[in-house]
Amino acid sequence: MRDLFDRIIENKGPLGKWASQAEGYFVFPKLEGPISNRMKFQGKDVITWSINDYLGLANLPEIKKVDGEAALEHGAAYPMGARMMSGHTDYHEQLEQELAEFVNKEASYLLNFGYQGFMSVIDALVSKDDIIVYDVDCHACIIDGVRLHMGKRFTFKHNDVESLEKNLERATKLAQETGGGILVISEGVFGMRGEQGILKEIVGLKNKFKFRLLVDDAHGFGTLGKTGAGAGEEQGIQDQIDVYLATFAKSMAGIGAFVAADKEIIEYLKYNLRSQMFAKSLPMVYVKGALKRLHMLRTMPELKAKLWENVNALQNGLKERGFDIGTTSSCVTPVYLNGSIPEAMALVKDLRENYGIFCSIVVYPVIPKGLILLRMIPTATHTMQDIAETLDAFSAIRDRLQNGTYKRLSAAVAAAMGE
């Protein structure tokens, strides 16, 4: 019998094995200063493309004023206890009502955190007799939520309606045997590639199959649709989404999340979401702050307009220079390059140290070996000057990647890691 920790000591995991080379710089970096288009990294000014503050709300004076006043009045603790016991307030109810109206649903319920809450929603919606069918590229919170499921689950190929249909046929046959139902899960926007989920095609299959649809719209809420109500509004099928989930951590620049659906479903979830029933209520500073943020999102369309002005300028500029940005149909802007993990490290260090550009690096195992993904998040706070400088920097680092500069610079790291 081996010690439980032996495996952990021997195998740090696909990302953990890079800790000694990466930690503090490539992973767990420390951005400092007010949240904005330009911040400080290790004492240097950088253009930041890694902050999910889509609408630029995080550092607005009117937002900070509401947050500060709420903290001064209530502190960080109020209300104490879980919602069901002693943590319920009129403000929680007001926010839920306004969120439901905004996303065109009968009711909504607040979640303390998106990741934790989304897992719990999946767990509460299905029983062991039910079948889950979900997009293989769904976010980790969905994958972990599905793992809680005691019944059968199938994945369909990313945004592939034919694969979905085949798996719905399998699920239907199985559900007829178990007496259960079918839950299909997709995302409004897939956060790595920026593609919208094929929600319109999915709901089109409701005429042929009997299922309910759950959508995680973390990146679509506030950025897509005429009013900002998300990917469902953008694709004209919001009423066909049975359970809608979104987080405050992106467009709302805060903490928390919500689930919205028909009133009867929300009523059920209120009494069966374990992550909310047995956890402290969302503090008032976040609730009042979210009310202010939602009001601005609803009444200031110029924020989303500025965001998309920047998105279009950045994405069009990248395409004009021959960069591969995949098939993004959202604000998320991926740039795909070919190279090893050590080359990616050298490239990103060059970007940050010599060009003042800070963006996220994504490598294997999140994407296939041999690919480097530089993930960029445009916001309403970015300027055309930011975009121009970034485009010039990307052209320069691509040349250095192709002429072998980063391969030579990373040789020692590659040799140490056995790459």
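Start by selecting I8: at 41% relative accessibility, this residue counts as partly exposed. Bear in mind that you are looking at a predicted model. I8 sits in helix α1, which covers residues 4–10. Together with I8 they make up a nonpolar patch on the surface. The patch has about 450 Å² of accessible area.

**Colour the two domains**

Next, colour residues 4–54 and 301–417 as domain 1, and residues 61–299 as domain 2. The C-alpha centres of these two domains are 28 Å apart.

**Look between them**

Zoom in on the boundary. How many residues of domain 1 are in contact with domain 2? There are 20, and they touch 21 residues of domain 2. Between them, the two domains bury about 1500 Å². Carbon and sulfur atoms account for 55% of that area. Select Y54, K304 and S329 on the domain 1 side. These residues lose the most area to domain 2, together 30% of what that side buries.

**Tour the salt bridges**

Begin with E73 and K288. Their side chains meet in a salt bridge, 3.1 Å from N to O. E73 is in helix α3 (residues 61–74) and K288 is in helix α12 (residues 284–299), so the pair ties together parts that are 215 residues apart in sequence. Is E73 buried or exposed? At 56% relative accessibility, E73 counts as exposed. K288, at 15%, counts as buried.

Move to E165 and K208. The closest N and O atoms of this salt bridge are 2.5 Å apart. E165 belongs to helix α7 (residues 161–178), while K208 is in the loop between α8 (199–204) and β8 (212–216), so parts 43 residues apart in sequence are tied together. E165 is partly exposed at 22% relative accessibility. K208 is exposed at 53%.

Stay in that loop between α8 and β8 and select K206. Its salt-bridge partner is D242, with the closest N and O atoms 2.8 Å apart. D242 lies in the loop between α9 (231–235) and β9 (243–247), so this pair links parts 36 residues apart in sequence. At 17% relative accessibility, D242 counts as buried.

**Last stop**

Finish with R38, D386 and E389. Salt bridges that share partners join these three residues into one network.

Technical notes
Residues numbered from 1 in each chain as written. Predicted model: local features only at pLDDT ≥ 70, side-chain atom pairs only at ≥ 80, totals over all residues. Heavy atoms only, no water. Patch = residues over 30% accessible without salt bridge, like charges linked within 9 Å, V, L, I, M, F, W, Y side chains within 5 Å. Areas by Shrake-Rupley, 256 points an atom, 1.4 Å probe, with all protein chains shown as cover. Salt bridge = Lys/Arg side-chain N within 4 Å of Asp/Glu carboxyl O. Helix = DSSP H or I, 4+ residues; strand = E, 2+ residues; numbered from the N terminus. Buried < 20%, exposed > 50% of the residue type's maximum accessible area, 1.4 Å probe, protein only. Domains from an automatic or database assignment. Contact = heavy atoms within 4.5 Å. Buried area = accessible area lost by both parts, 1.4 Å probe.
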